[in-house]
Structures are given as structure tokens and as C-alpha cells.
Amino acid sequence: MTYTGYLFVYFTEEQTDGEHIYFSLSRDGLHWKDLNGGKPVLRSQIGEKGARDPFLIRSPWEGKDGNPKYYLIATDLRMEAGKGWNVAQYSGSRDILVWESDDLAQWQGPWAHTIGVEGAGCVWAPEAIYDEEKDSILVFWASMVEQKQKIYAAYTKDFKQFTEPFLFLEKENHVIDSTIIRTKEGYYRYTKDETTKNICVDFSRTLRPEDFQEVKSVTLDTLFGVEGPEIFRFHDREEWCLMVDRFAAHKGYLPLVSGKLESGEFRILEDSEFDMGSTRKRHGGILPVTEEEYGKLEEAFSTEV
């Protein structure tokens, strides 16, 4: 499949209309144009009546009609309601929100699916990746369990039926916001250390939890006040872009570029090298898209700000 651009799905702020799903397009992954006039494309009126931390995945299997299938998943949470972070972490929703589409433009949903383990205080920032070894999709998320944030996971083929959840990542510190990319060598996993407020990285040739080993990164070890990591490969060269949300400084996403993920090192881009668009993008997901997909999105949500 040949990709010629990227679709970014995200939320914006803890304010009216901020905790819904927004779309943005880019040709190069560094310069973005906001779609739908900078207004939400998808809204949730179920559960907590808010959607945060959205993530997109293209199904590895065609739908029954032979068309592609896309799933968008998100955290069932609305901080603008004023309940506070303690309630959100310790007695929040154990559901994920799920939308599905055949073309990225028309969406059905959301539906809520309870995937959090018994006793979990929340289910945050769900993401997914295809596991070839199991021919199934691994869904993973953060939950507060026994007074500690850990990453749990389950398998699915349709985002309707899920296996029993299992512990996927636990460290000495609290961890949230995991994202995974597959390369020729294996899987790189980037996760927010919720205690130190920076990003840690590990690598495995499989998606089995016990196989991941830490990768040292001076860049990430010394970049604080960031969360919501998202990584993708540039479609026109052998380089990768790791996006991190500078939440502490209220500056939105910052792109970091690397030609060798195994080195753990990234070049932090200067402000003049990227343009994230007019809306402040918070924790989201980035999907490489084909020329046909890019065109459909432009046609469906052509207005920009």
C-alpha cells in the first residue's frame, strides 16, 4: 500500500467542544491543515459524554463487502464536567469508545465496550496494533489498579468481542500513554512515565510483554513535561517522527525525528520546521493514508482554519 499523506485525529482542550474528535491532514507529517473548519468531526453523547486520546487503526482484514475497515477508539472521559483528576483516575469509566468506518469520512458509533479489569479506576488512551503472530489486534490502555497506573491489554478482531485483559507493562513508576510501531526489526514501544513526566522506550521482536527490553535515549530522558507519544514512519524516506504533547507548557505537539530507532536518539525540530495547524492538538493518533483516502477526507471535510 502506497501512502501519500497522514490523518491526525485528536482532541483539543478541557473546555466546551474540546473533548471530542477533530481531524487534520498533512502531506509531509510536519505541516498540518485542520479539517471541518477546526470543529469536531465526531462527538460522544454516551458514557461520560466526552472523548479524549483518540487512535485510528486500519483493519488488517477487509469487511464483508470487500471494502476496507477502519476503527477509531478513544477514552470515555470529559474533564470539562468538573469532577477532577482524582475521580477520573480512581473511579472513572472502564469503557472504551469505538467508531467504525468504511472510508474514513462516514462513521458509525460510538459504542462503549467495557474492557477495564475489575477494580480498575480508569481506562485511558487506548491504542491498537495488529499482531501477526496471533492474527489478531492487540488493544492496550492505561488503568489505575492497586493505586498504580499500569498498561493492560486484550485481543480483538472486531472491537466488539475482547479477550480477558492482561498486564502488558508495569514499571517502578506509574506509566500511561503507550504507543507501538512495528519496523523490520520488531516493535518499539513509547510510554509516558507518569511520575517523571517524560517518555521511555523499549523494544521487542514480538508483542509478548516479557520480551520487551529498555532502549536508552538521552533525548527522551531529558525531555520533560511531555505525554501522548505518537510515532509514524515518513512515507518518502527511512526516517521516523515521534510526536510528543508538551502538556506542561501548554504548547501542543512537538515533532522529533530519527533515522535509527534502535539508537533511541531523536532530533528535536525547530519551530520553523513544522506547523501543527490552528488548533492546539492534544493526545491523538496519526494514520498514514493513501492518495484516495486523502482525497476522500478533503472532499468530506474540505473547510480549514
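The model is predicted, so local features need pLDDT of at least 70 and side-chain atom pairs count only at pLDDT 80 or more, while totals for chains, interfaces and linings use all residues. Residues are numbered from 1 along each chain as its sequence is written, and side-chain values use heavy atoms, with hydrogens and water left out.

The chain holds 3 helices and 20 strands, taken as DSSP runs (helices H or I, at least four residues; strands E, at least two). Of its 305 residues, 58% count as buried, meaning under 20% relative accessible area with a 1.4 Å probe, protein chains only.

The largest nonpolar core has 34 residues; such a core is a set of buried Ala, Val, Leu, Ile, Met, Phe, Trp, Tyr and Cys residues joined through side-chain atoms within 4.5 Å. Strand β17 (240–245) is one of the elements giving two or more residues to this core, and β17 gives the most, with 5 residues. A second, separate core of 23 residues includes Ala 51, Tyr 70, Leu 287 and Val 289.

The side chains of Thr 75 and Asp 53 are joined by a polar contact of 2.7 Å.

Note on methods
Polar contact = N/O pair within 3.5 Å; in protein donor to acceptor, adjacent residues only side chain to side chain. Buried < 20%, exposed > 50% of the residue type's maximum accessible area, 1.4 Å probe, protein only.
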